[in-house]
Amino acid sequence: VGLSIIFFGLSILYIRWAYFNLSRRSVGLFIFAFGLYFAFQIVSLLDDETVSYFGLSAVFLALNAIIMTIIAFVSFTNNSGTILDIFDYLKDVQGNENAVETKYNHLPLNE
């Protein structure tokens, strides 16, 4: 678990040192860190004589969390939901009479 935390921290630092761009090294360290984490979970689960339901569910819960993180990362990296896009949308909506009324329509959006 300790090595997993170290490699995860290194992957975050490599992302920061590359001006928040993903590199092959940071992704490799990230995958390696989670591989070590899963190896620990599986070894600790199978180390006991009786497999517990709680341990089994913890392994699959962690796997689900990683898959959901990947899905969230892939869906939000296409720049379609940035704050600048939202402000551009609100500027278009403010002059349109048929637009849906939200609490953000009256923001002062001067360029």
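Visitor: In what order do the elements of the protein run from the N terminus on?

Guide: They run α-α-α-α. This is a predicted model. The secondary structure comes to four helices and zero strands.

Visitor: How many residues does the protein have, and what percentage of them count as buried?

Guide: The protein has 111 residues, and 14% of them count as buried. For contacts between residues at least 6 apart in sequence, 29% join residues at least 24 apart.

Visitor: How far does α1 reach from its first C-alpha to its last?

Guide: α1 reaches 22 Å with its 16 residues. That is close to the 22 Å expected at 1.5 Å a residue. Look just after α1 as well: Tyr19 takes a positive phi of about 55° there.

Visitor: How do I read the faces of a helix?

Guide: Start with the general idea. An α-helix has 3.6 residues a turn, so residues three or four places apart point the same way. Now the case here.

Visitor: Which residues in α2 are buried?

Guide: Ser26, Leu29, Ala33, Phe38, Gln41 and Leu45 are the buried residues in α2.

Visitor: And Ser11: is Ser11 buried or exposed?

Guide: Ser11 has 0% relative accessibility, so Ser11 counts as buried. Its place is in helix α1.

Visitor: Which residues is Ser11 in contact with, leaving aside neighbours within four places in sequence?

Guide: Ser11 is in contact with Ser26, Leu29 and Phe30. Two of those names have come up already: Ser26 and Leu29 are buried in α2.

Visitor: Next, the aromatic residues. How do I describe a pair of rings?

Guide: A pair of aromatic rings is described by the distance of the centres and the angle of the planes.

Visitor: How many aromatic pairs does the structure hold?

Guide: It holds six aromatic pairs. Take Phe7 and Phe32: the ring centres are 5.0 Å apart and the planes are at 75°, so this pair is edge-to-face. Phe7 lies in helix α1 and Phe32 in helix α2, so the pair ties together parts that are 25 residues apart in sequence.

Visitor: What relative accessibility do Phe7 and Phe32 have?

Guide: Phe7 is at 21% and counts as partly exposed. Phe32 has a relative accessible area of 43%, so Phe32 is partly exposed.

Visitor: What angle do the ring planes of Phe8 and Phe30 make?

Guide: The planes of Phe8 and Phe30 are at 40°, with the centres 5.5 Å apart, so the pair is tilted. This pair links distant parts of the chain: Phe8 is in helix α1 and Phe30 in helix α2, 22 residues apart. Phe8 is partly exposed at 33%, and Phe30 is partly exposed at 29%.

Visitor: Which residues form one aromatic cluster with Phe30?

Guide: Phe8 and Phe34 form one aromatic cluster with Phe30.

Visitor: Now the empty space. How is it found?

Guide: Rolling a probe the size of a water molecule over the atoms shows where empty space is left.

Visitor: How much space lies in the largest pocket?

Guide: About 450 Å³ lies in the largest pocket. The elements that give two or more residues to its lining are α1 (2-17), α2 and α3 (53-76).

Visitor: How many residues line the largest pocket, and which lie nearest its centre?

Guide: The lining has 16 residues, and Ile15, Leu22, Val27, Phe30 and Phe73 lie nearest the centre. By type, the lining divides into 12 nonpolar, four polar and no charged residues.

Visitor: What does Tyr37 touch, not counting residues up to four places away in sequence?

Guide: Tyr37 touches Ser4 and Ala62. Tyr37 has its place in helix α2 and counts as partly exposed at 30% relative accessibility. The C-alpha atoms of Tyr37 and Gly2 are separated by 9.1 Å, and the two residues are 35 apart along the chain.

How values were computed
Residues are numbered from 1 along each chain as its sequence is written. This is a predicted model: local features need pLDDT of at least 70, side-chain atom pairs count only at pLDDT 80 or more; totals for chains, interfaces and linings use all residues. Side-chain values use heavy atoms; hydrogens and water are left out. Buried means under 20% relative accessible area, exposed over 50%, partly exposed in between (1.4 Å probe, protein chains only). On a 1 Å grid over the protein atoms alone, a cavity is a set of points where a 1.4 Å probe fits but cannot get out, and a pocket is an open set with protein on both sides within 12 Å along at least five of seven lines; lining residues have an atom within 4 Å of a point. Grid points are joined across faces, edges and corners, and a volume is the space filled by probe spheres set on the points. Ala, Val, Leu, Ile, Met, Phe, Trp, Tyr, Cys and Pro count as nonpolar, Asp, Glu, Lys and Arg as charged, and the others, Gly among them, as polar. Contact means heavy atoms within 4.5 Å. Rings of Phe, Tyr and Trp (its six-membered ring) pair if their centres lie within 6.5 Å; planes under 30 degrees apart count as stacked, over 60 as edge-to-face and the rest as tilted. The expected span of a helix is 1.5 Å times one less than its number of residues.
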